[in-house]
Amino acid sequence: MVKSQRPPSGRTNLASCIVATIFLIFLVIIVLIVYFTVFKPKDPKIYVNSIQLPSFSVGNNSVSFTFSQYVTVKNPNRAAFSHYDSTIQLLYSGSQVGFMFIPAGKIESGQTQYMAATFAVQSFPLAQPNQAAAANTIPIPGATTTVAATMTEPVGVTAGFGGGNNVNRVGPTMEIDSRMELAGRIRVLNVFAHHVDAKSECRVTVAVNDGSVLGFHC
């Protein structure tokens with residue numbers, strides 16, 4: 001005579017559910033750890049290599065010039081960085097004097113890309129010392145004070161500025177601010193899209209007599 005099997009007890013079902021739940025929690029924790037240590041999105045970095053004014057003209061207390069900026073952009077992510085809404089802006093004494101859209105592009109995972117932006121800046125008046133003192137100040141990220149972009153008396157290059165061979169040059173100078181932004185997104189594991197952007201802001205000191213770039217600080 002064959003005995004009939006008893007149905008699984010409630011305790012067996014409960015134990016199976018607990019084991020499955022623990023396994024799922026453990027799996028989720030592992031996925032989160034991998035995501036935040038390996039695939040967590042990071043903002044690309046912009047390093048300004050050089051700033052030049054290939055052409056420069058001054059007259060009637062106004063200036064016009066061609067502005068060139070050369071940068072290196074590093075993508076530290078494990079996914080390609082696609083940038084599409086990017087600009088470079090030039091300001092003098094708190095007002096915009098130049099602007100350029102940067103063409104869309106892509107920087108592959110872990111790669112570095114060299115970029116150059118050149119555009120013409122139309123003539124604008126130089127600020128007089130008394131006017132510059134009353135001009136709107138421009139905040140510099142990380143600084144404890146704000147500084148107005150002005151036309152100043154003879155100065156040389158200060159510590160921390162680029163400029164190299166122009167360190168001994170003196171004469172009337174002006175300061176302009178260059179703001180560059182690369183905005184875009186990365187796709188983590190080709191599934192999750194994240195918005196990231198890279199920014200740089202540099203203060204550039206220019207000799208008014210010949211347009212030489214005395215130095216820049218970013």
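Modeller: Ground rule for the sheet talk: two strands pair if DSSP finds at least two bridges between them. Helices (H or I, at least four residues) and strands (E, at least two) are DSSP runs, numbered from the N terminus. This is a predicted model, where local features need pLDDT of at least 70 and side-chain atom pairs count only at pLDDT 80 or more, while totals for chains, interfaces and linings use all residues. Residues are numbered from 1 along each chain as its sequence is written, and side-chain values use heavy atoms, with hydrogens and water left out.

Biologist: Fine. How many helices and strands in the protein chain?

Modeller: Two helices and 14 strands. Of the contacts with a separation of 6 or more, 66% are between residues 24 or more positions apart; contact means heavy atoms within 4.5 Å.

Biologist: How do E12 and E13 run, and how many bridges join them?

Modeller: They run antiparallel, joined by 16 bridges. Ala-183, for one, has Asp-197 in E13 as its bridge partner.

Biologist: And what does E13 do with E14?

Modeller: They also pair antiparallel, over four bridges, with Thr-205 opposite Gly-215 in E14. The two strands form a hairpin with five residues between them, and Gly-211 in the turn has a positive phi of about 75°.

Biologist: Switching topic: how many salt bridges does the whole structure have?

Modeller: Two, taking a salt bridge as a side-chain nitrogen of Lys or Arg within 4 Å of a carboxyl oxygen of Asp or Glu. In one of them, Asp-177 meets Arg-203, with the closest N and O atoms 3.0 Å apart. That pair links strand E12 to strand E13 across 26 residues of sequence.

Biologist: Are Asp-177 and Arg-203 buried or exposed?

Modeller: Both are buried, meaning under 20% relative accessible area; exposed is over 50%, and partly exposed is in between (1.4 Å probe, protein chains only). There's also Glu-201 with Arg-179, at 3.3 Å from N to O. Here Glu-201 sits in strand E13 and Arg-179 in strand E12, 22 residues apart.

Biologist: Why call Arg-179 partly exposed?

Modeller: Because its relative accessible area is 27%. Arg-179 is also among the contacts of Ser-200, along with Met-180 and Gln-69, leaving aside neighbours within four places in sequence. Ser-200 itself counts as buried, because its relative accessibility is 10%.

Biologist: Which residues touch the most other members in the largest nonpolar core?

Modeller: Phe-65, Phe-67, Met-174, Ile-176 and Leu-182, out of 39 residues. Such a core is a set of buried Ala, Val, Leu, Ile, Met, Phe, Trp, Tyr and Cys residues joined through side-chain atoms within 4.5 Å. E12 gives the most to this core, with six residues. Phe-67 touches residues including Ile-88, Leu-90, Phe-119 and Ile-176, not counting those up to four places away in sequence.

Biologist: And where is Phe-81?

Modeller: In strand E4, residues 81-83. Phe-81 counts as buried because its relative accessible area is 0%. Beyond its neighbours within four places, its contacts include Pro-44, Ile-107, Leu-182 and Val-196.

Biologist: Last one: which residues form a nonpolar patch on the surface?

Modeller: Leu-14, Ile-18 and Ile-22, with about 300 Å² of accessible area together. Areas come from the Shrake-Rupley method with a 1.4 Å probe, and for residues only the protein chains shown count as cover. Patch residues have over 30% relative accessible area and no salt bridge; like charges are joined within 9 Å, nonpolar side chains (Val, Leu, Ile, Met, Phe, Trp, Tyr) within 5 Å. Ile-22 is in helix H1, residues 10-39, and is classed as exposed because its relative accessibility is 53%.
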